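Q: Please take a close look at the charged side-chain pairs here. Where do they sit, and what lies around them elsewhere in the fold?

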Amino acid sequence: MELQEITPRRVKVYLLDGENWIDNGTGYCTGEIDVKKNLPYFIVRNENDQSDIILKAFIEGSIQYQQQQETLIVWTDSKGKDIALSFQEPEGCSSLCDFLIEVQQNYQPNISLVAVINNGASQNGGAIDENGQPQGCGNSGVGSGNGQGGGDITELIVGPVDIPPLPTLKNLHEILEILNNAANSNYSKDMISQFLIESDYIIKLIECFNKCEKTKKLKNLHYLCEIIKILILYNNTQIIEILLDDSNIMGVVGILEYDPEFPTFKSNHRAYLKDESKFKEVLPVDNKDIINKIKQSFNLQFLKDVVLAKLLDDSIFSFIQASIYFNQVEVIKYLQEENNKFMESLFELYDDKNDNNENILEKRRDGVKMLHQFALIAKTLQNNQRSDFFIKLVRKGLFKMINFALKDDLINIRVLGTELIVSIIEHDVMLVNGVYSNAIANMNNNSKGRVDEDGSTVDNEIQNEDRLLSTDMTLILILTNLLIEEKDIGLKTQVYEALKVLLDPLSSNAVMSSDGHMALLGNFGHENGANDSSESTSNRILDFGNYFKSFYDKAACKLFSPLIGLSKLNIEIEKSPEQIKKEINEIVDIESINDCILLQHLCELIAFCSEKHEIFLSRSFFLENNILKGLKILTSPFFKKQARLSAIRCLKLIIKLDDDFYTRFIIANDILEYLGEFNLSKNNLSTSCILNILDYNDVNEDGDRRRNYKLIMNYINDKLNLGKLEEEIEQEDQIDQDQDQDDQIDQDDGDGETKKKDYTSSNNLKREISLKDYGSDSDEDNGIRLKKKRWNVGVKHVKKLFKKN
């Protein structure tokens, strides 16, 4: 076999004489083959006289060549002579090293090439001195010259590799030692890995394991466990594939049960994976490949999270994760195929005709659990794949299942149903509340259109229609009932977040052109055609009027029914507290934490709707149904402080809207009647909340003057009774002044009367709120400014209470 021709490279030749390297001349080095002897050799010809050969060294036997730094090749020949080649350029050294690799692979398999890496412990090992001579290179080993090379690291580039013998009950320790030694060299690992793959070595290890387990040879089982761990750490994807193959995985998991780190314990990984009860077949699947992929994904997930958790590095982790991902993609694709009718069969379980069938109840619940798992899988998919899956679910009747789940008696099924709808809402809220204007009419007329790529019919006219919002409030009503009746606080909060997204106009508008998919829900729980084209819709404007009008007409009364009920109560002075509490408890439980959280969520929804929706829609509903009167009752001392403060914050936001109707309704019905009953003497949430209300300016965020500022200011001043607060401040300030004077006299050294300016005296306070500070303005302006000043005094009073407490 002919070797690749090597370009001659300029080099200096050194021979070791005792402890000194002797310069033997400079020339050009190349690698050649002796045709007669069929032996390769290095030859260096004098740079001045090509006929003068400085060095001719045959490459034979078991010589070890050492590449040091980037320009040195050092070795000891068969006669015991130490030779060093110092190349002028790194490329020359690399060229000769490539020649050695070819020679080892084709002519002399027993030679080896080793890279010597200086790890910083040696200052001279393998270096060139100022005269160009190699330092620290000797015949005693790599980096041993001058006794300064002990810290260098060697890595085998090419050479003979110890191949592990076929496993038996007697040589497992030897195999383990060989694999351990090879782990330090990438070349050794690659050669051994290639041998293991070609010889079906993993299968033989599993056969040996079965024999050891039958004979209960614990020591051998521990050796096998260590062998598998090392093979995993080799990080060879082909070996990992063999280890995780369906035919081998149980054997590999069984070997890993006998971990020598825990010699007195044995895991039960195989028993867990073999337990078929974890796999429930809700509907028959006729594709065996899909069943195998589902089980394989389960096994891989268990290996990743449990069995191999301590062994995985980033690359192996990514490999297993990628294998799981591709399996999941195939499963999701299978679910969407029209020819298998899987989704149709699944959602038929939730038809009305099966509502009274007790035999099918468990299958319905298992269907919810199964689809919830698929929804979690869909979250890991790419955006377009996830959209296709969710769109298909909505078309086929997903909300029939959700309707069942949210009304089920079991809390875990209700949780899963809520998580399903939240998953879709988080991805694209328009899948829930969106519809094309002609879609329902087309569906009701049973009109047929073109056939989409997936087999579903799509009316051609739908492509050209604007995207509208569905007026069907069935889903919102279901979530409303769940919010009001649910006892689980976590689920109640999750339902609140889902309602908030459904009622947010910005969330619907934001997702219009997220991925170009236009398939949307028509009537709740019915199939609807869609247009999957990527026609630009970013400039289309959604009509929210009918959608939110339908919400206030059909769902809002039910949603805010607790506050509507409270608004009808008449809390009179002549009624006893026990009688008032009894009337309130008929609507909501005052002592219940669950109802307290419900009222907080309702207050937040009122504030959200008032701010985000068209004001003529929200205001009409809230005023006509006396929602603000319900908030007034909620601020009374009969309720828990958290609910009262939520109502105060809600009213603060409504006041900031600066709406004439809201303002007059608040004042006429004395909505802030109980504002003055909060205890402002302590540094707590109550004081902070009231201070937040006082922090109300006559100019809004846009710089415009608030029209109703004067009315609100007068009203809140009266509610907080700031005039009385001023007298309290005067008394407290007088006491503070006297105390300060007494302290100052005690500190006086008698040299003179101490003078100290008093900024907190009652005279200063009176002067602060005096009309004299306003010059010659009209009486009306003076009155407004005085009230503003008294307002500021109230703010300062609350802040002073903060400091004192």
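A: Buried means under 20% relative accessible area, exposed over 50%, and partly exposed in between (1.4 Å probe, protein chains only). This is a predicted model, so local features need pLDDT of at least 70 and side-chain atom pairs pLDDT 80 or more, while totals for chains, interfaces and linings use all residues. Residues are numbered from 1 along each chain as its sequence is written, and side-chain values use heavy atoms, without hydrogens or water.

Start with a pair inside one helix. R365 and E362 form a salt bridge (Lys or Arg side-chain nitrogen within 4 Å of an Asp or Glu carboxyl oxygen). Their closest N and O atoms are 3.2 Å apart. The two residues are three apart in helix α12 (residues 361-378), so about one helical turn separates them. Helices (H or I, at least four residues) and strands (E, at least two) are DSSP runs numbered from the N terminus. E362 is partly exposed, because its relative accessible area is 45%. R365 has 11%, so it counts as buried.

Side chains of opposite charge can pair when their charged atoms come close. The count here comes to 18 salt bridges.

Next, a pair between two helices. E344 and K396 meet with N and O 3.0 Å apart.

Then R270 and E257. Their closest N and O atoms are 2.9 Å apart. R270 lies in helix α8 (residues 269-274), while E257 is in the loop between α7 (249-256) and α8. They are 13 residues apart. Both R270 and E257 are buried.

Now the nonpolar surroundings. A nonpolar core is a set of buried Ala, Val, Leu, Ile, Met, Phe, Trp, Tyr and Cys residues joined through side-chain atoms within 4.5 Å. The largest such core has 118 residues, and F551, F560 and L628 touch the most other members. Helix α25 (residues 593-612) supplies its largest share, 10 residues. L628 is in contact (heavy atoms within 4.5 Å) with F622, L623, L651, I654, Y662, F665, I666 and I671, leaving aside neighbours within four places in sequence. Another core, of 78 residues, lies apart from it and includes V13, C93, V114 and L243.

T71 sits in the loop between β5 (64-68) and β6 (72-76). Its relative accessibility is 18%, so T71 counts as buried. T71 and E89 are 18 residues apart in sequence, yet their C-alphas are 6.5 Å apart.

S592 sits in the loop between α24 (577-585) and α25. S592 is buried because its relative accessibility is 18%. N625 lies in the loop between α26 (615-624) and α27 (627-634). Beyond residues up to four places away in sequence, N625 touches C557, I564 and S567.
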